[in-house]
Amino acid sequence: MAAKWDAILEGRETVRTAQVLKNWYTLKCSNFATPSSFFTTHEYFAPVDIIRKKNVTLLRVSETEAVFSELDPTMNLLDVRKHPIFFIPQTYQCRRIIRIPRWAFQQAVDKIDITDRRVVWMFNTQRCGSTTWAQIFSALPNWTVLSEPQVFYQSIVNGYSGNDIPLFTETKEFEAMLTGIIKFYVSMAPPGGSVLWKTMPVDEPMLKVVPKLFPEHKLTFTYRNVLTNAGSYHQCYMRWPLVLNYIRHLEIDPFNKNPTGQLRVARLVYNNGFDVELCAKAIEESKLKAVVFEWFVLKWAAKIRAVLDAKAEGIEIKPVKYEFLLKDLRKSVTQLFEYLEVSADLIPKALAAASADSLAGTFISRDAKARNTRWNRTTDGVNRCNKVLEIFGLPDLDTDYVMDGSI
């Protein structure tokens with residue numbers, strides 16, 4: 001027993017778990033398991049292999065530690081029909097928080113081999129059919145869907161203290177962090193299987209780094225015309241406290257060079273780690289109002305620009321347009337399957353999987369969205385949005401925008 005405690009004190013086995021009491025107000029506002037979302041009490045020390053237990057998911061990686069959320073082992077987190085967005089059960093159904101030193105996490109993931117898994121990334125603009133695609137791939141044999149794990153968001157927002165995300169992505173520290181995150185999550189899929197990873201809203205800084213670390217992975221990007229995309233986002237989130245809080249902070253202090261606290265988080269969420277100067281110019285010249293629709297236009301423009309910049313550097317990203325999916329579902333599925341080398345025999349199964357509301361039961365389902373009002377279009381509002389798009393070098397609000405190579 002003495003030897004066991006010596007090992008713990010020396011840091012060889014320092015995994016720490018905690019029972020979780022949820023702060024309802026914080027969770028209701030954020031849906032993300034930040035450190036402030038939980039009241040924890042120490043429960044016990046454990047060996048590092050506790051992180052490989054069923055339904056233990058990685059929440060955050062920082063310079064000093066890795067933090068995990070343990071869910072009930074009887075629930076199937078990978079059932080995308082029941083859990084279309086990972087970050088919701090990662091928070092609401094969390095039973096324990098597990099903390100391990102960063103060096104212990106690094107040692108653990110260094111031993112993980114994912115070279116036998118085929119991985120497809122689905123970056124997206126939100127509200128653009130990406131969850132429907134997740135439902136489609138979850139219905140295919142030997143496919144595992146990772147639908148918006150919050151780990152990268154948490155690692156950038158709470159694990160990294162800086163504001164220059166593009167600069168951070170060029171460091172070895174970022175590469176080590178991202179390698180560990182990817183290896184941990186992809187290893188949740190059975191050996192020899194395929195993985196569709198649908199990204200979170202702040203995941204675009206990974207675009208240029210994933211191909212460098214894992215050149216065999218394929219990248220896709222689902223998007224939608226900005227007018228209907230922003231309209232859908234506005235109708236879903238116009239009453240969401242977290243979104244309104246972000247916009248208030250951004251409106252009050254949009255040009256702060258070194259934001260902290262909620263302003264920093266809001267900046268990361270709405271410019272996706274993109275060029276701060278360009279975003280500041282767009283905000284200043286357009287004079288955006290505190291309207292969810294208008295700030296999403298900035299978010300949409302930053303995402304599109306990030307993909308265009310990555311493609312300009314030679315990174316292969318296949319754009320997948322929502323309007324094409326609506327117009328001809330079979331054709332969209334067939335073209336994406338051909339690109340990803342998925343058997344055409346699975347197309348009937350895919351079409352059947354696409355019929356249901358992919359977000360049913362969530363706070364952004366069709367029924368929930370229908371209870372909110374639509375964006376109030378005004379000439380001034382359109383002009384502000386068009387100024388943002390102009391500064392990003394993109395067509396105006398009413399243009400049918402098609403990225404080169406879209407399917």
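Visitor: Why is Glu341 called exposed?

Guide: This is a predicted model, and every value here is computed from it. The relative accessible area of Glu341 is 63%. Exposed means over 50%, so Glu341 counts as exposed. Glu341 is found in the loop between α16 (329–340) and α17 (347–353). Although Glu341 is not a glycine, its phi is positive, at about 60°.

Visitor: How do you know that Asn142 counts as exposed?

Guide: The reasoning takes one step: the relative accessibility of Asn142 is 64%, and the cut-off for exposed is over 50%, so Asn142 counts as exposed. Asn142 lies in the loop between α5 (130–138) and β7 (143–147). Its phi is positive, about 70°, although Asn142 is not a glycine.

Visitor: What makes the pair of Trp121 and Trp197 stacked?

Guide: A pair of aromatic rings is described by the distance of the centres and the angle of the planes. A search of the whole structure finds 18 aromatic pairs. For Trp121 and Trp197, the ring centres are 4.4 Å apart and the planes stand at 20°. Centres must lie within 6.5 Å for a pair, and planes under 30 degrees apart count as stacked; therefore the pair of Trp121 and Trp197 is stacked. The pair links distant parts of the chain, with Trp121 in strand β6 (residues 118–124) and Trp197 in strand β8 (residues 194–198), 76 residues apart. Both Trp121 and Trp197 are buried.

Visitor: Why is the pair of Tyr223 and Tyr401 called edge-to-face?

Guide: The centres of these two rings are 6.3 Å apart, and their planes stand at 70°. The distance is within the 6.5 Å cut-off, and planes over 60 degrees apart count as edge-to-face, so the pair of Tyr223 and Tyr401 is edge-to-face. Tyr223 lies in strand β9 (residues 218–223) and Tyr401 in the segment after α19 (379–391), so the pair ties together parts that are 178 residues apart in sequence.

Visitor: How do you know that Tyr401 counts as buried?

Guide: Its relative accessibility is 12%. Buried means under 20%, so Tyr401 counts as buried. Tyr223, with a relative accessible area of 0%, is buried as well.

Visitor: Which residues do ring pairs link into a cluster?

Guide: Ring pairs join Phe68, Phe105, Trp121, Phe123, Phe184, Tyr185 and Trp197 into a cluster.

Visitor: Why is the contact of Glu175 and Lys212 called a salt bridge?

Guide: Side chains of opposite charge can pair when their charged atoms come close. The side chains of Glu175 and Lys212 meet at 2.6 Å, N to O. A salt bridge requires the nitrogen to be within 4 Å of a carboxyl oxygen, so Glu175 and Lys212 form one. Glu175 lies in helix α8 (residues 172–186) and Lys212 in helix α9 (residues 210–213), so the pair ties together parts that are 37 residues apart in sequence.

Visitor: Is Lys212 buried or exposed?

Guide: The relative accessibility of Lys212 is 54%. Since the cut-off for exposed is over 50%, Lys212 counts as exposed. Glu175 has a relative accessible area of 10%, and it is buried.

Visitor: How do you know that Arg60 forms a salt bridge with Glu65?

Guide: Their closest N and O atoms are 2.9 Å apart, and the cut-off is within 4 Å, so Arg60 and Glu65 form a salt bridge. Arg60 counts as buried at 9% relative accessibility, and Glu65 counts as buried at 18%. Another salt bridge joins Glu323 and Lys321, with the closest N and O atoms 3.2 Å apart. Both of these residues are buried. Salt bridges that share partners also join Glu43, Lys53, Glu70 and Arg96 into one network. In the whole structure, a search finds 19 salt bridges.

Visitor: Which residues have the most contacts inside the largest nonpolar core?

Guide: They are Leu58, Phe68 and Phe392, in a core of 108 residues. Helix α14 (residues 292–312) gives the most to this core, with 13 residues. A second, separate core has 26 residues, among them Trp133, Leu325, Ile347 and Ile407.

Methods
Residues are numbered from 1 along each chain as its sequence is written. This is a predicted model: local features need pLDDT of at least 70, side-chain atom pairs count only at pLDDT 80 or more; totals for chains, interfaces and linings use all residues. Side-chain values use heavy atoms; hydrogens and water are left out. Rings of Phe, Tyr and Trp (its six-membered ring) pair if their centres lie within 6.5 Å; planes under 30 degrees apart count as stacked, over 60 as edge-to-face and the rest as tilted. Helices (H or I, at least four residues) and strands (E, at least two) are DSSP runs, numbered from the N terminus. Buried means under 20% relative accessible area, exposed over 50%, partly exposed in between (1.4 Å probe, protein chains only). A nonpolar core is a set of buried Ala, Val, Leu, Ile, Met, Phe, Trp, Tyr and Cys residues joined through side-chain atoms within 4.5 Å.
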